[in-house]
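Notebook open, structure loaded. I'm jotting down what I look up as I go.

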Amino acid sequence: MGLADVEKWLHQCARCSSCKYLYKNYNPSCPSGERFWFETFWASGRVWIANAIRNGELKWSESIRKAIYACPLCGNCAVQCQQEVSDHLLDIMEALREEAVKVGCGPLEEHRIFAEWIQKEHNPYRESHNDRLSWLEEKKFPEEAEIYYFVGCTSSYRQKQIAKATYSLLKKINANFTVNPEEWCCASPLLRTGQTELVESIAKHNIEIAKKMKAKKIIFSCAGCYRTFKEDYPKILKQDLGIEVLHVTEYLSNLLKDGAITITKEFPHTVTYHDPCHLGRHVGVYEAPRELLKAVPGLSFTELMRNRENAWCCGAGGGVKSGFKDWAVDIAKERVKEAEKTNAEYLVSSCPFCWRNLEDAIKTIHSGLKMVDIVEILNDII
């Protein structure tokens with residue numbers, strides 16, 4: 001990537017401002033623009049920055065660096081944009097970050113640590129690679145299986161309860177699956193912050209171990225890992241992966257439709273669902289999580305006001321959780337307050353990164369909501 005690869009789209013933005021609000025109802029869509037309230041921090045402003053830099057009309061500076069990294073890359077702007085450039089807005093923003101890294105203006109200091117530790121220990125959390133599966137009591141796994149559960153760094157090192165619940169659920173439904181202690185960070189943190197030097201080798205490694213296990217499917221509990229394998233790896237490797245890639249909610253929803261699993265126990269609570277950006281807007285998976293929730297006996301499902309492609313971002317993505325810690329939680333606070341208006345007891349999502357930031361916001365504002373992943377619910381009732 002880099003600006004040269006998106007050059008033909010840089011003049012397509014007419015600054016019509018449609019990217020700034022939800023189409024037709026005019027509710028806010030952009031966390032960055034709403035926070036900083038200056039054209040530079042909207043999608044339209046960043047496209048013009050990219051165009052000016054590419055044409056030599058603007059020089060790199062600290063203020064530009066802040067503007068291009070103060071964005072969770074949620075993609076809401078691309079949904080709302082009514083111009084031809086809409087399909088390329090996220091590409092432009094990621095290319096702008098890659099260009100910043102190339103010229104030494106990026107990334108943010110907090111993001112440099114990602115690359116250092118991913119290269120050193122294959123995860124961005126400064127943890128030992130040897131501890132990747134420390135959450136799991138079992139130490140021996142099938143060397144070959146139909147399904148490879150790619151756990152991901154956040155579930156492996158932080159939200160371990162999601163990894164445990166996913167593993168337990170797969171066991172309960174007798175899935176022919178395995179995990180692998182040699183999985184590496186999917187490289188999403190590097191791609192989203194413009195640090196692409198290691199990405200191809202990481203993609204090759206992760207796909208090679210999946211093929212070595214003769215896996216026909218790779219499933220994910222992390223929306224970020226899923227998006228990276230599904231959308232980024234084929235472009236990076238310039239080939240079809242040759243393996244079906246599914247989010248765990250897609251996999252389970254398919255089994256439910258086929259009658260391969262049944263849900264008999266009740267979950268007598270009211271829940272609302274937050275669409276992760278990487279799962280929803282970036283890949284288009286909206287119905288599978290809802291189908292699972294609506295199939296649970298006793299569960300009462302209510303939608304958030306902004307849902308599906310119009311969902312308000314949790315605030316954790318694009319390096320914002322590490323680079324703008326307080327603001328990341330502020331973004332999540334707005335989502336939690338929106339969830340409170342539904343009178344739900346549980347705020348449900350399907351991504352460990354969303355889980356973490358929304359839970360931080362729940363604690364910060366002392367909300368009565370309970371944060372839970374879909375797989376956690378299902379593991380308790382199947």
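Predicted model: local features only at pLDDT ≥ 70, side-chain atom pairs only at ≥ 80, totals over all residues.

I started with α15 and α16, which are roughly perpendicular to each other; that label covers angles of 65 to 115 degrees, while under 35 counts as roughly parallel, over 145 as roughly antiparallel and the rest as oblique. The axes of α15 (residues 325–340) and α16 (residues 352–364) come within 8 Å and cross at roughly 80°.

Residues are numbered from 1 along each chain as its sequence is written, and side-chain values use heavy atoms, with hydrogens and water left out.

Which residues of α15 and α16 make the contact? On the α15 side I listed Ala328, Val329, Ala332, Lys333, Arg335 and Val336, and on the α16 side Asn357, Leu358, Asp360, Ala361, Ile362 and Thr364. Contact means heavy atoms within 4.5 Å. Sorted by class, the contact of α15 with α16 has seven nonpolar, two polar and three charged residues. For the classes, Ala, Val, Leu, Ile, Met, Phe, Trp, Tyr, Cys and Pro count as nonpolar, Asp, Glu, Lys and Arg as charged, and the others, Gly among them, as polar.

Next pair: α13 (residues 287–294) packs with α17 (residues 374–381) at an angle of about 30°, with the axes 11 Å apart. That makes α13 and α17 roughly parallel to each other. Pro289, Leu292 and Leu293 in α13 meet Ile374, Ile377 and Leu378 in α17. I got six nonpolar residues for this contact of α13 with α17, no polar ones and no charged ones.

Then I went looking for disulfides (pairs of cysteine sulfur atoms within 2.5 Å). The structure holds zero of them. Cys30 is in no disulfide, and the nearest cysteine sulfur, that of Cys71, is 6.4 Å away. Cys30 counts as buried because its relative accessibility is 11%; the cut-offs are under 20% relative accessible area for buried, over 50% for exposed and partly exposed in between (1.4 Å probe, protein chains only). For Cys105, the closest cysteine sulfur is in Cys71, 16 Å from its own and too far for a bond. Cys105 is buried as well, at 13% relative accessible area.

How many of the 10 residues of α12 (residues 248–257) are buried? Seven are, so α12 is largely enclosed by the rest of the structure. I wrote them down: Val248, Thr249, Glu250, Tyr251, Leu252, Ser253 and Leu255. After α12 comes Gly259, with a positive phi near 75°.

Gly106 and Pro107 are joined by a cis peptide bond, with omega about 0°, and Pro107 sits in the loop between α5 (89–102) and α6 (109–121). Ser17 is not a glycine, yet its phi is positive, about 75°. I found Ser17 in the segment before α1 (31–36), partly exposed at 29% relative accessible area. Asn174 also isn't a glycine and has a positive phi, near 60°. Asn174 lies in the loop between α8 (160–172) and β2 (177–178) and counts as exposed, at 68% relative accessibility.

Definitions and conventions. Axes fitted to C-alpha atoms, helices over the stretch in contact; angles between N-to-C directions. Helix = DSSP H or I, 4+ residues; strand = E, 2+ residues; numbered from the N terminus.
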